[in-house]
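User: I would like to learn how to read a few local features of a protein model, one at a time. Could you take me through them?

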Amino acid sequence: MAVDITTDKTFEADTGNGVTLTDFWATWCGPCRMQSPVVEQLSKDMGDQVTFNKMDVDENPATAQKFGIMSIPTLLVKKDGQVVDSIVGYHSKEQLQQILGQYL
């Protein structure tokens, strides 16, 4: 499974069903570059249970503003379209697996 790119226009449709994790990031953000491979590995391991998306906050500021995202990386977890968790800063694969497991 791959990590899909989502935008302000497609975010609600991309995160409306099941459990989704969206990685809010930017190209200039060092911790975001550390988080990305972790999210990509998780998508390989859990992609049959969770939908993984990435959103560049510089290109898509409206969604980040809507959810009050002030720091990146922020990982937004939604279940059936409702936000159930917001994870700020770098987190290990094990930490994220544990968090996502609560919503499956």
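**Reading the annotated cysteines and their surroundings**

Analyst: UniProt, in an unreviewed entry, places the feature "active site" at Cys 29 and Cys 32; UniProt positions are given in the numbering used here, feature names are shortened, and annotations may be inferred rather than shown by experiment. This is a predicted model, in which local features need pLDDT of at least 70, side-chain atom pairs count only at pLDDT 80 or more, and totals for chains, interfaces and linings use all residues. Residues are numbered from 1 along each chain as its sequence is written, and side-chain values use heavy atoms, with hydrogens and water left out.

User: Is Cys 29 buried or exposed, and where does Cys 32 lie?

Analyst: Buried means under 20% relative accessible area, exposed over 50%, and partly exposed in between, with a 1.4 Å probe and protein chains only. Cys 29, in the loop between β2 (19-25) and α2, counts as buried because its relative accessibility is 4%. Cys 32 lies in helix α2 and is buried, with a relative accessible area of 1%. Helices (H or I, at least four residues) and strands (E, at least two) are DSSP runs, numbered from the N terminus.

User: Which residues does Cys 32 touch, not counting residues up to four places away in sequence?

Analyst: Contact means heavy atoms within 4.5 Å. On that basis Cys 32 touches Trp 25, Ala 26, Ile 72 and Pro 73, while Cys 29, leaving aside neighbours within four places in sequence, is in contact with Ile 72 and Pro 73.

User: What kind of peptide bond joins Ile 72 and Pro 73?

Analyst: Most residues other than glycine have a negative phi, and most peptide bonds are trans. Here a cis peptide bond joins Ile 72 and Pro 73, with omega about 0°, and Pro 73 is found in the loop between α3 (61-66) and β4 (74-79). Asp 80, in the loop between β4 and β5 (82-88), has a positive phi of about 50° although it is not a glycine.

User: At what angle do helix α2 and helix α4 pack?

Analyst: Two packed helices are described by the angle between their axes and the distance between the axes. Helix α2 (residues 30-46) and helix α4 (residues 93-101) pack at about 50°, with their axes 10 Å apart; axes are lines fitted to C-alpha atoms, for helices over the stretch in contact, and angles run from 0 to 180 degrees between N-to-C directions. That angle makes α2 oblique to α4, since angles under 35 degrees count as roughly parallel, over 145 as roughly antiparallel, 65 to 115 as roughly perpendicular and the rest as oblique.
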